[in-house]
Each structure stands twice: as C-alpha cells, then as structure tokens.
Amino acid sequence: MKKVIIDCDPGIDDAMAILLAHRCKDLEILGITTVHGNADIENTTANTLHLRNVFNIDAPVHQGAGLPLNGVELAYPTFVHGDDGMGDTGDVQSDASADSTEAEQFIVDTIRANPHEVTIITLGRLTNLARALTIAPELATLTKEVVIMGGAFGENQFRGNVSPCAEANIYGDPDAADAVCLAGWQKTFVGLDVTMLVVVDPQRQAKFRQSDDTACQFIGRISEFYNNFYTSIGYTEGFPMHDASAVAYVIAPELFRVQTGPVRVATNGIAKGETILNREPAREYVEDHWADIPAANVCIGVEAAGVLDVYEHTILGP
Ligand code: BDR
Ligand code: CA
C-alpha cells in the first residue's frame, strides 16, 4: 500500500481525485488537507468534509491556508466550480468539523512519523506545503515524493488556463510554488501538458450519473457544472480531468512520459505563475536562476485512454 496525503481545494475535479484515491486498493489515505483555491478555505474544507461523508472515507481532514503566502486574496473561479466550489447542486452539507491540527502541522507530523514512506499529492495551491517546509525543512528529504497537479510547460501547446502562461494552482500562490521547487524533494508535475488530454467524454459522464453507486452519482451530478464551463469555452468533447490525473500518476506512472530538469516559477510580472523547466541544465547561461536547483519530473506525455480506464474501473469496478 502506498501511503498518501491529499492536499486539495474541492473543487469538482478534486472530488473526482479523492474518490479515485479512496477506491484504489493500492493507496492508503493518511489524511486530507485543505487549501484556498477553487473557493474560500471555509468552503473547500466544508466540501472536503462532505466528500468524506459521501465517499465513506475514514481519514482525518485538516484545514489549511486561507490566503497565499503574500496574504493577498484572489477572486475565486465560481464560473468553473460554482459559488460553493462544488457545482452548486445544493447537495453539500456537513455538520462535521475539521480536525483541530492545522494542515501544515499535520503534514509535518505525518511525514516525520513515516519517514520516506509518504507521497503528498497536491491538487491545489502549494501554500500548505510551503508553510510545512518553513516549519520543517527536513521534510524535503523525509517525503517519498510530491506529486503536483499544477503548471504548464508548453508541451502539446498547453501553456496556461488563467493567463497565456500560467496554470491556476501555480498562479494562485507562485511564491509557494517556487519554494516547493527550490526544496530537494522528489517531485513530479502533472500539469496541463497532460491533464488537458485526459478528457471525460459524455459517454463516461453518463456512466457515472447512471451508476447505482451514490458516490459515482454524486460525481456525475457535480461534473455537469464543470462540463458546462468547458463547453462554454469551446471544448465540445467533454471536460479535462486535471486532479484525478495526478492521482492516476501515483497509481500507474507507466502511463506517463516524463522529462527531468530544474523547474522555477515566475513569481511576479506579466508571466506570474509560469512554470519554467530548464531543458538544458548543462548549458551555461548569462543569467541562470536554475543553477543548482534540484531536478523535478515533468509529465510531457500521457496515455489518456489508459488513465481514463484506470479512473472508470477503479471507481465503478471492472
Ligand atoms: C486546477 O485548477 C483547479 O481549478 C482545478 O481543481 C485543478 O486543480 C487546474 O488548473
Ligand atoms: Ca484542485
């Protein structure tokens, strides 16, 4: 069993990812931490508690950061995920409370208690991870791997979804993302380069809605809002499965092709949030902000049908 912590901002596709991790017999969810992003932190935490209930997950939920490291709140993408961050179906309700330990402390405690055994899967902004690193810089060497849904490196022509050069999770806290890049952990970016190719078509969406499993029905219901957003911006074949693709990478990395090299994040200016991979680390540049930066894996190719099959078979059964 691979032990995982899921750091997330539900979020319709976060919900899909959490269900995949929960139903995968090879993964053990040690805890779920929440972060601001698709909605404010109160909403993303309430949504996570609701998901824990609907999906019947036996793991603690820990609330995390409500603002990026620079303290400046950004507008929430209600047009993508709804006012409640979960498709405005009216389903979300939870009387439960998050665990009293804050997300960053939970991450530190869990990694220290399970050295070299835990994979952290991040599905939102990297604020909690950056804050955890400031408490315990040794996390970078004690964590098995960090798998990040975030970034866009220009492969397959995908460069950004909130600006021409920035992906939402990185743009939402570029200082945190760059801090994560500077640390020496094993890390893999599952960015738009691959997630935009993993498209859930209307046939698969119908299977979720028509399933007799309440968790799958819930995914079917909330993803209608998500699908409508993508239809409105010209995607007629369905919606891209961002966050669950990062979980799929942990389950079946052989479905992805990676390139390795140092990654930095532009933290301000017109390219704010751009993730930049130095593809020629041996070359001597006049100005080199990538020198001596630990390498990351960047997903540059994916067997999209394979990932979609993993998703469908894991949540619906073979
Ligand atoms: C990412 O942004 C969020 O809206 C999604 O949940 C996903 O994590 C995609 O850019
Ligand atoms: Ca997300």
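Tutor: Let's start with a term: rings of Phe, Tyr and Trp (its six-membered ring) pair if their centres lie within 6.5 Å, and planes under 30 degrees apart count as stacked, over 60 as edge-to-face and the rest as tilted. This is a predicted model, where local features need pLDDT of at least 70, side-chain atom pairs count only at pLDDT 80 or more, and totals for chains, interfaces and linings use all residues. Residues are numbered from 1 along each chain as its sequence is written, chains are lettered from A and ligands numbered from 1 in the order in which they are written, and side-chain values use heavy atoms, with hydrogens and water left out.

Student: Which residues form one aromatic cluster?
Tutor: The cluster is made of F79, Y226, F229, Y230, Y235 and F239.

Student: And how many aromatic pairs does the count come to?
Tutor: Nine, by that rule. One of them joins Y226 and Y230 edge-to-face, at 5.3 Å centre to centre and 85° between the planes.

Student: Where do Y226 and Y230 lie?
Tutor: Both are in helix α11 (residues 214-232), four residues apart, or about one turn of the helix. Helices (H or I, at least four residues) and strands (E, at least two) are DSSP runs, numbered from the N terminus.

Student: Is Y226 buried or exposed?
Tutor: Y226 is buried, with a relative accessible area of 2%, and Y230 is buried too, at 6%. Buried means under 20% relative accessible area, exposed over 50%, partly exposed in between (1.4 Å probe, protein chains only). Y230 also pairs edge-to-face with F229, at 4.9 Å centre to centre and 70° between the planes.

Student: Is D14 buried or exposed?
Tutor: Buried, with a relative accessible area of 0%, and L123 is buried at 0% as well.

Student: Last one: where is M241?
Tutor: M241 sits in the loop between β8 (239-240) and α12 (242-251), and counts as buried at 1% relative accessibility.
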